[in-house]
Number of protein chains: 4
Amino acid sequence: MAETAVLLIDCPDRKGLVARVSTLLYEQGANILHADQHQDHELGLFFMRVEWALNGTGEPGTDGGAEAALERFRAAFAPLAEELEMRWQLSWSARRPRVALFCSQYLHCLADLLQRSGAGELECEIAVVVSNHRVAEPLAGFYGIPFVHIPVTAATRTEAEAEQLKLLAELGIDLVVLARYMQILTPKFVSAYPARIINVHHSFLPAFIGARPYHAAHARGVKLIGATSHYVTEVLDDGPIIEQDVARISHRDQVDDLVARGRDLERVVLSRAVRWHLERRILCYGNKTVVFD
Amino acid sequence: MAETAVLLIDCPDRKGLVARVSTLLYEQGANILHADQHQDHELGLFFMRVEWALNGTGEPGTDGGAEAALERFRAAFAPLAEELEMRWQLSWSARRPRVALFCSQYLHCLADLLQRSGAGELECEIAVVVSNHRVAEPLAGFYGIPFVHIPVTAATRTEAEAEQLKLLAELGIDLVVLARYMQILTPKFVSAYPARIINVHHSFLPAFIGARPYHAAHARGVKLIGATSHYVTEVLDDGPIIEQDVARISHRDQVDDLVARGRDLERVVLSRAVRWHLERRILCYGNKTVVFD
Amino acid sequence: MAETAVLLIDCPDRKGLVARVSTLLYEQGANILHADQHQDHELGLFFMRVEWALNGTGEPGTDGGAEAALERFRAAFAPLAEELEMRWQLSWSARRPRVALFCSQYLHCLADLLQRSGAGELECEIAVVVSNHRVAEPLAGFYGIPFVHIPVTAATRTEAEAEQLKLLAELGIDLVVLARYMQILTPKFVSAYPARIINVHHSFLPAFIGARPYHAAHARGVKLIGATSHYVTEVLDDGPIIEQDVARISHRDQVDDLVARGRDLERVVLSRAVRWHLERRILCYGNKTVVFD
Amino acid sequence: MAETAVLLIDCPDRKGLVARVSTLLYEQGANILHADQHQDHELGLFFMRVEWALNGTGEPGTDGGAEAALERFRAAFAPLAEELEMRWQLSWSARRPRVALFCSQYLHCLADLLQRSGAGELECEIAVVVSNHRVAEPLAGFYGIPFVHIPVTAATRTEAEAEQLKLLAELGIDLVVLARYMQILTPKFVSAYPARIINVHHSFLPAFIGARPYHAAHARGVKLIGATSHYVTEVLDDGPIIEQDVARISHRDQVDDLVARGRDLERVVLSRAVRWHLERRILCYGNKTVVFD
């Protein structure tokens, strides 16, 4: 597959932004594969995602291969970005993000992500599985992923998080995925990976925040249950929502049935969020996400 | 179409309930069209819905026509019901429920219900359209439904409700449908029609209770919006949920788009709830519903 | 609401297209509200939709009001479009498309479109309701839309279509909507309104082409039924699909239930297709559509 | 968990069926957990599923434990079933069905079923994984399931099927699941396991029968893709449908995207079908299924 670059931009909206960016890309000889923009007229913000081929075919801007082309683009783009007050991220398909999967005792999300990764659905390196239990160890082993057991108790939370953070730093982790990890992260941990920790909550947020959402849904008598994937912020279950889905239930379904049906939702919304993050389709602003399709 | 009877039962669960009820129906010569049961094992409750033809074919139990057959069944069933501590409702297709539609300024739900009623989708007589505004008057007139304008202000709420209740009593109303009626009913009004007032709330309850749920949904950045139909109780937006549905939205959708998409959901969840109520498919227990399909 | 212009483009894909178009818009002082592109890499095609405000604020390119600004853009864009082999359509919000609604005996789609149009959901003038039956006449009358009865029999089809086409021409119709119109149009009629006749078919195409799709769906025992809106081409039920939706059914549902549930699907997929067409979100290519969201 | 029995019945409809069956169950002291009926009025057929506890509490009919209670019920029920021309199946939770999983090169469905089985979601013994390729061997091994490699070519189809059938017979297999097994079974094989072979087809049947349905869906320009699980009959992709689901796609999705999204649908519709079959919720009649919920 050809190597590609992705540029993600957000900045104050003004006239001519698309013209300026697309003209620069044209001058650099970029072969654009996908481009998408969004304007939030209320807040006066502009968002853009462009993906182009780094094909090194000898055309202007591609001499020296993909990496050199990327560096030339970066050098040319930086002054424009500064002038237009852009926040921007430039990424390159050859540099695959490194991911840590956190889990506890329920393994359906972990098994799903490992299977997808093994089947080539996720553009990343899964560098480690971290858990406060040992039950995931054989599964991680089967997929050839190192497993690290870090027990967590109320008394040891601080030390455990320090150990986790040290491990993530050593492994050069870009993204932390909480695959039904049942411990609450401290603000310190969260602030170390802003918009880089993805969690799945087993309800249709903002309904049923907190513990035992399927019990709460059953008690309220809802006719649909949901699951939500979101970036983790300091406020529990309150971060920017990435994806949600629901399933129909009926009066026949007891809490156990909700749990079973919910597992399918959790797998789907979490794996989509991870994939979209890895494909650099997501921009956060305020407490929301733009997800380019 | 043949005349039919529907029996709805709820009672403490015990062995032999289906046998007792179905044997009685058999002895009465009933030709069962649909039967459905549900047990809530947690609460030890039993629910049943049976629908049978009242065909007056001269078979035992049908001499004298449908009404007489119904009375014979009622007389035979009452002792059993008392023995087994059943709450029960017996209804007859020839006795069509009388419905009052309440609305304010948004007419999409009203228009939908009137069109469905006119097309024969709803087994009822729409006896009146009541509104605190005049905007619905021509639409009601087109469908030949009497329109009554009862203005409501904070100062006149008590008198307005008294006038509404008097009107409903005079018209022999069985069911009140709040088709985006934007006034909150007092406990007095609600208690006059227990499990007989259906409202549509424009969110996926229990998320976004109260006013301006689409604004709240937009602010939270959800990826699906919903609508909920429910019986009205004294607690705002807290009654037994009858139906819910959702639609996918994206970062491109502003509040106006949510409102527009939500209208389609509101129509669907409200009309389903009304239809199911009219077909006697719904049983309330605690703060939940059993909806037989 | 501000007046806006929409430009729809399709052309062979090549580098720099976005740069060329967006630079031209910038030079014309356009305040872009939405822009979206799509590339079909397989076929080497490029599609673009741009919407901008014609606000006449005295900025370059807006002197003389919206119409003059539009003309200046047209004059500037034509040479570029020719150079880049573009097919393009430029439209202006102040010029509302004129729509003819065709129906037969089922009125749910007609009632839905008229109600939406009356509520301001559809940016168009509904100029006429045409039917081979008289049943829709009162409904059209209620919404103040002229009703024309043109009976159609096998023997009179040619004359009837001639009369229809004459009427559409006289009324300056831009879009024909077949709201459950149960006659098959001849190729002559279809070719007079290429990609400007929208039909709703009551199945999930390409399953159950032709007559009585709900009967066919019931016979096959499917677990979901669907509806499809599409542009009409000479081949029955084969035109470019605009929108589809489905609803879950069960073994309990008889053909009548499928018909009833299907009505809700038909309303939704047809009204979406009409709205998207009116908002110039749809581009046809080959036998497919691009629908910009 | 308590041991339970499930009785599945289908027979010509007549009055009193529910009364007869439920009275017998009551006389046997059965503690009914779930009961559901369905009548096909068009064909005059009656279907019933009853599930009850075999709790061996010393009540009449339970002396001697669950197995004895089951045998007593069988003896009492057989004459009634004969009188009423019933086809019936009686099953017992302690006798877990034995399942063979067939796959080829795509492992997502296999991985999903093995993970669910390992997590206790499926009430069965997975006795063997059979494949015409070797790629599934490690996965089967991880879950401790015997793997048997039986290559199939056009020339060796007859011998391969004989080998498969011999293996299934030796293992006492009750259900064969084709988890994206890409070989077509011969009528001989199919007739050996009537209504006991479940396949997943990667389209919304009856659309896109046969090979490469995602390519066909892409070519037709549909807006939703689907997947279907069904019992295998002699006619390709024509057996009784058990479950279907769909996912929304857009013009942006290429065939590869359809394949990726479809995988999630395939997993869901296949696993639901397998679970419902194992829970004895499915009755086949004609070319359709009743699926009790």
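How many residues apart in helix H2 of chain C are Glu71(C) and Arg74(C)? In this predicted model, the two residues lie 3 residues apart in helix H2 (residues 65–83) of chain C, which means that about one helical turn separates them. An α-helix has 3.6 residues a turn, so residues three or four places apart point the same way. Glu71(C) and Arg74(C) form a salt bridge, with 3.4 Å between the closest N and O atoms. Glu71(C) is partly exposed, at 41% relative accessibility, and Arg74(C) is also partly exposed, at 32%.

Arg272(D) is in helix H8 (residues 255–278) of chain D and Asp245(D) in strand E11 (residues 241–248) of chain D; the pair, 27 residues apart, links distant parts of the chain. Arg272(D) counts as partly exposed at 21% relative accessibility, whereas Asp245(D) is buried, with a relative accessible area of 19%. The cut-off for buried is under 20% relative accessible area, so the two residues fall into separate classes. Salt bridges with shared partners also join Asp112(A), Arg116(A), Glu121(A), Arg263(D), Asp264(D) and Arg267(D) into one network.

Two members of this network, Asp112(A) and Arg116(A), are among the buried residues of helix H3 of chain A. This helix, residues 108–118, is mostly covered, as 9 of its 11 residues are buried. The buried residues also include His108(A), Cys109(A), Leu110(A) and Ala111(A). After H3(A) comes Gly120(A), which has a positive phi, near 85°.

The interface of chain B and chain A was considered next. Here 37 residues of chain B are in contact with 37 residues of chain A. The two chains bury about 3200 Å² between them, and carbon and sulfur atoms give 49% of this area. On the chain B side, the most area is lost by Arg220(B), Lys223(B) and His251(B), which together account for 23% of what that side buries. The rule finds 8 salt bridges across this interface, and the side chains of Arg252(A) and Asp36(B) meet in a salt bridge at 3.1 Å, N to O. Strand E2 (31–40), helix H7 (213–220), strand E11 (241–248) and strand E13 (288–291) of chain B each supply at least two residues of the side that touches chain A. E11(B) gives the most to this side, with 7 residues. By class, the side of chain B that touches chain A comprises 14 nonpolar, 10 polar and 13 charged residues.

Finally, chain C was compared with chain B. Chain C is superposed on chain B by a rotation of 180° with 0.0 Å of shift along its axis, at an RMSD of 0.0 Å. This is the relation of a two-fold axis. In chain C, the C-alpha nearest the axis belongs to Phe142(C), 3.5 Å from it. Because 100% of the interface residues of chain C are also interface residues in chain B, the copies meet through the same surface.

How values were computed:
Residues are numbered from 1 along each chain as its sequence is written. Chains are lettered from A and ligands numbered from 1 in the order in which they are written. This is a predicted model: local features need pLDDT of at least 70, side-chain atom pairs count only at pLDDT 80 or more; totals for chains, interfaces and linings use all residues. Side-chain values use heavy atoms; hydrogens and water are left out. Buried means under 20% relative accessible area, exposed over 50%, partly exposed in between (1.4 Å probe, protein chains only). Helices (H or I, at least four residues) and strands (E, at least two) are DSSP runs, numbered from the N terminus. Contact means heavy atoms within 4.5 Å. Buried area is the accessible area (1.4 Å probe) that two parts lose on being put together, summed over both. A salt bridge is a side-chain nitrogen of Lys or Arg within 4 Å of a carboxyl oxygen of Asp or Glu. Ala, Val, Leu, Ile, Met, Phe, Trp, Tyr, Cys and Pro count as nonpolar, Asp, Glu, Lys and Arg as charged, and the others, Gly among them, as polar. Copies are superposed by least squares on the C-alpha atoms of residues with pLDDT of at least 70 in both.
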